Amino acid sequence: RDSGTDLRLFWQTKANLSLEQVRLLHDAGVRAIRPGIESLSTKILRSMQKGVTALHNVRVLKWCAQYGIHVAWNVIHGLPDEPIDEYARMATVVPSLVHLPPPALVPLTLDRYSPYHTDPARHHLRVLGPPTHQRALFGREQRALTELAWTFEYELETPPPAGYVDALRVGITQWRADWHRNQGTLRHRRGPACLVIQDGRSTTGARRFVLDATEAAAYLGCDAGTTPMALAERLSSNAGRTLTVDAVRAMLRQFVAERLMFEDDDHFLSLSLPDSPLLAAPVPAA
């Protein structure tokens, strides 16, 4: 950032970046990242031992969109013992996210040093060996190919049912097709004691929301994700009156119903982008 040079960099990162880290990446010339987002399901992420939640993943998508950083990411399916119903649930979330960079939907690949490779029996899969095309490429014996290979062919002990990702595939295909017209179409502007949200996503139609001071503080207070309890304490302190946790949760769930927020295990994340990244700092008091 301080070198004075004009750089366009690509970085591999983790997904649990802070807003300040995303801002620094942008200022340093990073214009694209691959943050290891591999699911929008916390249950699946835990089974993959990713060390992040679905909220972390959506949050980095939002913050990167805010600062003009492209995100390359995938949704992986076909994992051992995956909770099948999570893919249908993810499909219902897609219409809320179409203003953010879309993923590719890809089957699991078995890579060297991954938990699935180092302990396949624990994960109920069988490693079959290096890809068959490598023998044609390298002309080596199976043992040598096994030592050289990075990716391996495998089979699951219990294959998933046919068609279980169809709804998600349809949603992601449409997301990718409409990305250029949906990019950045959910935005907010701050006014005196209010917040105006403009929504032009293809999945919702043109809409405009004007939030009052308390609603605005609640919405902006979820920029990094928070719980109704933590938010109720903050809002009550700023407003000088008591707001119950149940009342705050009901408000946030209404935002979710309007597809203005993402909910993950009683944690809530606002989804709209500020008209200017510079406006994304202090949260106004209710």
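Against which elements do the buried residues of α1 pack? The legends below answer this and describe further views of the chain.

This is a predicted model, in which local features need pLDDT of at least 70 and side-chain atom pairs count only at pLDDT 80 or more, while totals for chains, interfaces and linings use all residues. Residues are numbered from 1 along each chain as its sequence is written, and side-chain values use heavy atoms, with hydrogens and water left out.

**View 1. Helix α1 and its surroundings.** The buried residues of α1 pack against β1, β2 and α3 (54–66). Helices (H or I, at least four residues) and strands (E, at least two) are DSSP runs, numbered from the N terminus. In helix α1, which spans residues 19–27, Leu19, Val22 and Leu25 are buried; buried means under 20% relative accessible area, exposed over 50%, and partly exposed in between (1.4 Å probe, protein chains only). Down the helix axis these buried residues fall within an arc of 120°, so they line one face of α1. The arc is that of the directions from the helix axis to the C-beta atoms. Just after α1, glycine 29 takes a positive phi of about 100°.

**View 2. An open sheet of 3 strands.** The strand order is β1-β2-β3, with parallel pairing; two strands pair if DSSP finds at least two bridges between them. Strands β1 (9–12) and β3 (70–71) stand at the edges with a single partner strand each, so one side of each is left without a neighbour in the sheet. Strand β2 (residues 30–34) pairs with β3 over 2 bridges. Isoleucine 33 has valine 71 in β3 as its bridge partner.

**View 3. Helix α4 and what covers it.** In helix α4 (residues 85–93), the buried residues are Glu86, Tyr87, Met90, Ala91 and Val93. Seen down the axis of α4, they fall within an arc of 155°, so they line one face of the helix. Their cover includes α2 (42–47), β4 (74–77), α8 (166–177) and β12 (261–264), where contact means heavy atoms within 4.5 Å.

**View 4. Strand β8 and its antiparallel partners.** Strand β6 (residues 110–111) runs antiparallel to β8 and is joined to it by 2 bridges. Here aspartate 111 stands opposite threonine 151 in β8. Strand β7 (residues 125–129) also runs antiparallel to β8, with 4 bridges joining the two. Valine 127 stands opposite tyrosine 154 in β8.

**View 5. Two loop residues, alanine 162 and threonine 226.** Alanine 162 lies in the loop between β8 (151–156) and α8. Its relative accessibility is 82%, so alanine 162 counts as exposed. Between the C-alpha atoms of alanine 162 and glycine 225 the distance is 35 Å, and the two residues are 63 residues apart in sequence. Threonine 226 is found in the loop between α10 (213–220) and α11 (228–239). With a relative accessible area of 9%, threonine 226 is buried. Not counting residues up to four places away in sequence, threonine 226 touches Gly221, Leu231, Arg234, Asp266, His267 and Phe268.

**View 6. The chain as a setting for the close-ups.** The chain has 12 helices and 14 strands. Its C-alpha atoms fill a box of roughly 75 × 50 × 35 Å, taken along the principal axes. Of the 286 residues in the chain, 44% are buried. Among contacts between residues at least 6 apart in sequence, 65% join residues at least 24 apart.
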